[in-house]
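Subject: Handover of a structure

Dear colleague,

Please find below the structure that I am handing over to you. My notes on it follow directly after.

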Amino acid sequence: MGIQRIESVTYSVDDLGECVRFFDDFGLFPVERTDDHAVFETLTGQTLHLDTYPSTLLPPPVESGPTLLEVVWGVDTREELERLVAAVGKDRAVRESADGVHHTVDETGFGVGLALARPKSAPFIPRPANALGNVNRWNTALEPIDRVRPLRMCHVALNIPKPGKGEAVAFYTERLGFRPTDVVEPMGVFMQAPGDDDQHTMLLCHRPDRAGVNHIAYEVPGFDDVIEGGNYMIERGWREARRLGRHTIGSNVFRFLHAPCGGRVEYAADMDRVDDSYETRVHETTPPHHIWALRTNRDQDAPAS
């Protein structure tokens, strides 16, 4: 089938300690730490790499400051891996590292890696919800979530310059097998990996003249995790990037935080799942960013009596 998921991501960072503190608070599991390198893991075994001195196998950053250098995509079989490596290697160098990752770059200059997927099982029981005629929780009150633990990295969003956007998308669709699910003509292209059932695994966002990391989204079990995870991050001193809401494209509940490694990270839950019968939607104008976003007038001055 081909690419199944995001396998790992690597950031070039300035302040390793601050980045480690951020992702520890965010709920990822620490795996490795040295003076210039740290690795975290999701429940399903994807890895996040933070480097102050990145490997020479990785490309230079596409923007100044801390930023994302590479996304490694996990492939289901060795035969498919070899086929994809050959496809991307037609007109660019591909170098294999000792850990079996094949490194190259996309049209924008972001690092692209290909490796065998090594998913871990992450069984979980969603919080049971109650509604009239659909009762799933009897005689039990809900407790606060101790710590939110992301299940997986579910999608990555990259900013790309508008000039050459067609070629940038074609690299992923024609060589790596992604398919567009929603094409928003003024804004970007949402794409699904062949082995994923999320409405999108990747988004290339059109920008007038610049490239950079937009965000990486991490799926959590449910709505409560999105809220409680964001609340915990705010309590720990991190800054929220976008108010709690539910996206129009993908339908997932979201909460964004500014990340010291560059860009933002997102707690996400309840994204649309689509199969091969889902037809690509083309939007000539940009749909609203969200179906709803949290609003409140609680902190406004009370009306005069």
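Over the ring of which residue does the charged end of R242 sit? That residue is F256, and the charged end of R242 is 5.8 Å from the centre of its ring. R264 also lies over the face of F256, at 4.7 Å from the ring centre. A charge is taken to sit over a ring if NZ of Lys or CZ of Arg is within 6 Å of the ring centre and within 35 degrees of the ring normal.

Before the other findings, a word on the basis of these notes. The model is predicted, so local features need pLDDT of at least 70 and side-chain atom pairs count only at pLDDT 80 or more, while totals for chains, interfaces and linings use all residues. Residues are numbered from 1 along each chain as its sequence is written, and side-chain values use heavy atoms, with hydrogens and water left out.

Aromatic pairs

The search of the whole structure gives 12 aromatic pairs. Rings of Phe, Tyr and Trp (its six-membered ring) pair if their centres lie within 6.5 Å; planes under 30 degrees apart count as stacked, over 60 as edge-to-face and the rest as tilted. The pair of F26 and Y218 is edge-to-face, because the ring centres are 5.1 Å apart and the planes stand at 75°. F26 belongs to helix α1 (residues 16-26) and Y218 to strand β13 (residues 212-219), so this pair ties together parts that are 192 residues apart in sequence. Helices (H or I, at least four residues) and strands (E, at least two) are DSSP runs, numbered from the N terminus. F26 is buried, with a relative accessible area of 0%, and Y218 counts as buried at 0% relative accessibility. Here buried means under 20% relative accessible area, exposed over 50%, and partly exposed in between (1.4 Å probe, protein chains only).

W73 and F178 form an edge-to-face pair, because their ring centres are 5.0 Å apart and their planes are at 75°. W73 lies in strand β5 (residues 67-75) and F178 in the loop between α3 (165-175) and β10 (179-184), so the pair ties together parts that are 105 residues apart in sequence. W73 is buried at 1% relative accessibility, and F178 is buried with a relative accessible area of 3%.

One aromatic cluster is made up of F22, F23, F26, F40, Y218, W238 and Y267.

Cysteines

How many disulfides does a search of the whole structure find? The search finds zero, a disulfide being a pair of cysteine sulfur atoms within 2.5 Å. For C205, the nearest cysteine sulfur is that of C154, 14 Å away; C205 is buried, with a relative accessible area of 3%. For C261, the nearest cysteine sulfur is that of C19, 5.4 Å away, and C261 counts as buried at 0% relative accessibility.

Cavity and pocket

On a 1 Å grid over the protein atoms alone, a cavity is a set of points where a 1.4 Å probe fits but cannot get out, and a pocket is an open set with protein on both sides within 12 Å along at least five of seven lines; lining residues have an atom within 4 Å of a point. Grid points are joined across faces, edges and corners, and a volume is the space filled by probe spheres set on the points.

The structure holds one cavity of 30 Å³ or more, and the largest cavity has a volume of about 40 Å³. Its lining consists of R152, C154, D198, E219, N252, A268, A269, D270, M271 and R273. These residues divide into four nonpolar, one polar and five charged. Ala, Val, Leu, Ile, Met, Phe, Trp, Tyr, Cys and Pro count as nonpolar, Asp, Glu, Lys and Arg as charged, and the others, Gly among them, as polar.

The largest pocket has a volume of about 470 Å³. Of the 22 residues that line this pocket, S8, T47, H49, D99 and V101 are the closest to its centre. Elements that give two or more residues to the lining are β1 (3-12), β4 (47-51), β5 and β8 (111-116). The lining residues divide into eight nonpolar, nine polar and five charged.

Backbone

S251 has a positive phi of about 65° although it is not a glycine. The place of S251 is in the loop between β14 (240-247) and β15 (253-258).

With kind regards
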